[in-house]
Amino acid sequence: SHWNNFTIAQRIDIRNYVLGYLANNGPTLQDFVTLSLIKLVCRITKLGWFDDSTHRELTDDVTKFLQATVDHCILGLKILNQLVDELNIPTTGRTLTQHRKTSVSFRDLCLFKVFQLGLTTLKQLQTRAITADHRQEVILGEQALSLTVRCLNFDFIGTNPDESTEDVGTIQAPTNWRPVLQDPGTTELLLDFYANTEPPRSNKAMEAVILICSVRRSLFPSDKERE
């Protein structure tokens, strides 16, 4: 109800201020403060999605976090995890039609890039391209794997198929995801994390593998590709 008390410009100002505050102070804040600020940014992004293109650029803004310090990278992954949840789960007070319109736009504009950012972070951890201590590596792995799973679990088509149909449990990934999902390196990366980490990271890695195996068969044109 308070949303309409702010102009479009004021909403953008609040968004930018909170993002800047997280960039400058995020790594030193207590977790509950960080989480509250992240939720605020993601909720503003969702509600203002069609108000101004700035809101649709959050993924690009967060990429700068991933390219900064290790603690900023962790913070960026937390923002992306919350963003996927925010755009995937209906918000009280908004119609299902409003939610689907925003969710589909996010799916088409941003979700694949977010998915790739999660996988890229995992690859950097695997190849030691990120210089981090053990605690940071654990958190980065957990956040990146959670992000990968969240993206694969996204409600791509916005419907809940009847339990009697063959679509139950099928991941309706868009066609442009095919190269990454079909790449053996993607599954090998996740299996490597499964084999070389402890729960909950290993659990998340296997969950991601299972989800990739559950992608709709029609995504792959030939029987050879499906195999």
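Loop, helix and surface in a predicted chain

Colleague: Where is T197 found, and why does T197 count as buried?

Modeller: T197 is in the loop that runs between α8 (184-196) and α9 (201-213). Its relative accessibility is 13%, and buried means under 20%, so T197 counts as buried.

Colleague: Why is R128 called exposed, and what is noted about its phi?

Modeller: The relative accessible area of R128 is 58%, whereas exposed requires over 50%, and therefore the word applies to R128. R128 is found in the loop between α5 (96-126) and α6 (134-152), and its phi, near 60 degrees, is a positive value in a residue other than glycine.

Colleague: Why is I14 called partly exposed, and which residues make the nonpolar surface patch?

Modeller: I14 has a relative accessible area of 30%, and because the partly exposed class lies between the 20% limit for buried and the 50% limit for exposed, I14 belongs in that class. The place of I14 is in helix α1, residues 8-25, and together with F6 and L40 it makes a nonpolar surface patch of about 220 Å².

Colleague: How do you know that the radius of gyration of the chain agrees with that of a compact globule?

Modeller: For 227 residues the globule rule gives a value near 17 Å, and the chain has 18 Å, so the two agree. The C-alpha atoms fill a box of roughly 55 × 45 × 25 Å along the principal axes, and 45% of the 227 residues count as buried.

Colleague: How many helices and strands does the chain have, and what share of the contacts between residues at least 6 apart joins residues at least 24 apart?

Modeller: The chain has 10 helices and 0 strands, and among those contacts the share is 70%. The accessible surface comes to about 12,100 Å², with 51% of it belonging to carbon and sulfur atoms.

Technical notes:
Residues numbered from 1 in each chain as written. Predicted model: local features only at pLDDT ≥ 70, side-chain atom pairs only at ≥ 80, totals over all residues. Heavy atoms only, no water. Patch = residues over 30% accessible without salt bridge, like charges linked within 9 Å, V, L, I, M, F, W, Y side chains within 5 Å. Areas by Shrake-Rupley, 256 points an atom, 1.4 Å probe, with all protein chains shown as cover. Salt bridge = Lys/Arg side-chain N within 4 Å of Asp/Glu carboxyl O. Helix = DSSP H or I, 4+ residues; strand = E, 2+ residues; numbered from the N terminus. Buried < 20%, exposed > 50% of the residue type's maximum accessible area, 1.4 Å probe, protein only. Rg over C-alpha atoms; globule rule 2.2 N^0.38 Å. Contact = heavy atoms within 4.5 Å.
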